[in-house]
Amino acid sequence: EGSKLQCPIICCATTGDRPSNSEKNVMAWKEVTSGSFHFQLFKGGHFLYTDSPSEIMPWIGKEIVERLK
């Protein structure tokens, strides 16, 4: 097992995504960082960011701004 990342990780998943991108699998990213981990589950499919950007982009922007403080 290698060293952990020392940076925050921001992850999201959707309720209608493929099994490889399930909430459980995405939450596993928490184990690869010693930094903070931020997760959000959205209703929608794999392409939510293009199908309905107004639902996901504000959260992504807020998370990035918060981590840069």
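Helices (H or I, at least four residues) and strands (E, at least two) are DSSP runs, numbered from the N terminus. The model described here is predicted, so local features need pLDDT of at least 70 and side-chain atom pairs count only at pLDDT 80 or more, while totals for chains, interfaces and linings use all residues. Residues are numbered from 1 along each chain as its sequence is written, and side-chain values use heavy atoms, with hydrogens and water left out.

Following the chain along its sequence gives the pattern β-α-β-α-α, that is, three helices and two strands. Along the principal axes, the C-alpha atoms fill a box of roughly 35 × 30 × 15 Å.

Of the 69 residues in the chain, 22% are buried (under 20% relative accessible area, with a 1.4 Å probe and protein chains only).

Phe37 deserves a look of its own. Leaving aside residues up to four places away in sequence, Phe37 touches Ile9, Cys11, Val26, Met27, Trp29 and Lys30, where contact means heavy atoms within 4.5 Å. Across the chain, 67% of the contacts with a separation of 6 or more join residues 24 or more positions apart.

How values were computed: Buried means under 20% relative accessible area, exposed over 50%, partly exposed in between (1.4 Å probe, protein chains only).
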